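Student: I would like to learn how to read a structure like this one. Can we take it feature by feature?

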Amino acid sequence: MVIAAQAVLDIDAARRLADYDDLDDAGITRAVEQLHTQRWGRWDLPAHLAAIDRLCMVIVERGHVRRVDLSRQALGSESALLDALVDVMPATRADLVDWDGHEVATLLARCVATDRQLPRALAGAATHRLAGWVAPTAADHPAPDRAFEDECRAIFAAHDVPAASAPGSIAARASARTRLWWRLAHATRRLHPARRADLETQLAALEPS
């Protein structure tokens, strides 16, 4: 399972921390962003103040590739999104892949925040961080791992790979991570070239042309 997620400010959580009077959601978001920037010089949404807005996954189960795209807007709430995640998970333990561990950690944090259990397949998953394999950096390197994902995508992506909607979209990111995971498995002799080609063909058939 390869995961890509997008989060937005959890407005209810923010309101518990401060009195924002009659500010609307956009106003609260601007206020929290300004506060975090003043305090720490950057705006990286911590998971206790995040709500998963969209979640895209590519799942390979028994040789078959499928895509899962869940959005909070379509389902009505983050809780509904997390509930829907249970229904689409494989029945058994799996490998769970993201770029640098951020999405996996956020998903777990949001289950804690909403007081629910992870789906069984995720709770027992072996997690893998692509950044540590394809873009390792020195321990004292100032850039976060996530800063290099788009560079690796531009370097490693095949020219004939279809654009799964907009280049920066969550769906496209999930597809790119999946192809990079298969490239890594091929490089480490865990995925036969013919098997990889079959998986690539299946994924391409699921993407917008």
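Tutor: We will go through confidence, a helix, paired strands, cysteines and a few backbone angles.

Student: Where in the protein is confidence lowest, and where is it highest?

Tutor: Where pLDDT is low, the predicted coordinates should not be read in detail. This is a predicted model. Its mean pLDDT is 86, and 93% of the residues reach 70 or more. Helix H2 (residues 25–40) has the lowest confidence, at a mean of 80. Helix H10 (residues 193–206) has the highest, at 96.

Student: Which residues of H2 are buried?

Tutor: Gly-27, Ile-28, Val-32 and His-36 are buried. They cover an arc of only 165° around the axis, so they lie on the same side of H2. Arg-30 and Gln-38 are exposed on the other side.

Student: What do the buried residues of H2 pack against?

Tutor: Their partners are strand S1 and helix H1 (11–17). Look just past the helix too. Gly-41 follows H2, with a positive phi near 75°.

Student: Now the strands. How many bridges join S1 to S2?

Tutor: There are 8 bridges between S1 (residues 2–9) and S2, and the two strands run antiparallel.

Student: Why is S2 said to be largely enclosed by the rest of the structure?

Tutor: Check burial residue by residue. In S2 (residues 50–61), 9 of the 12 residues are buried, so the strand is largely enclosed. Cys-56 is a case in point, buried at 2% relative accessibility.

Student: How many disulfides does a search of the whole structure find?

Tutor: First, the idea. A disulfide is a covalent bond between the sulfur atoms of two cysteines. The search of this structure finds 0. Take Cys-56 and look for the closest cysteine sulfur. That sulfur is in Cys-111, 17 Å away, which is too far for a bond. Cys-152 is another cysteine to inspect; at 7% relative accessibility, Cys-152 counts as buried.

Student: Which residues other than glycine have a positive phi?

Tutor: Two cases are worth a look. Arg-62 is not a glycine, yet its phi is positive, about 55°. Arg-62 sits in the loop between S2 and S3. That hairpin has 2 residues between the strands. The relative accessible area of Arg-62 is 82%, so Arg-62 is exposed.

Student: And where is Asp-115 found?

Tutor: Asp-115 is in the loop between H5 and helix H6 (120–123). Its phi is also positive, near 55°. With a relative accessible area of 73%, Asp-115 is exposed.

Student: Is Thr-106 buried or exposed?

Tutor: Thr-106 counts as buried, because its relative accessibility is 10%. Thr-106 belongs to helix H5 (residues 102–113). To see its surroundings, set aside neighbours within four places in sequence. Thr-106 is then in contact with Ala-47 and Ile-52.

Methods: Residues numbered from 1 in each chain as written. Predicted model: local features only at pLDDT ≥ 70, side-chain atom pairs only at ≥ 80, totals over all residues. Heavy atoms only, no water. Disulfide = S-S within 2.5 Å. Buried < 20%, exposed > 50% of the residue type's maximum accessible area, 1.4 Å probe, protein only. Helix = DSSP H or I, 4+ residues; strand = E, 2+ residues; numbered from the N terminus. Pairing = 2+ DSSP bridges. pLDDT = per-residue confidence, 0-100. Arc of directions from axis to C-beta. Contact = heavy atoms within 4.5 Å.
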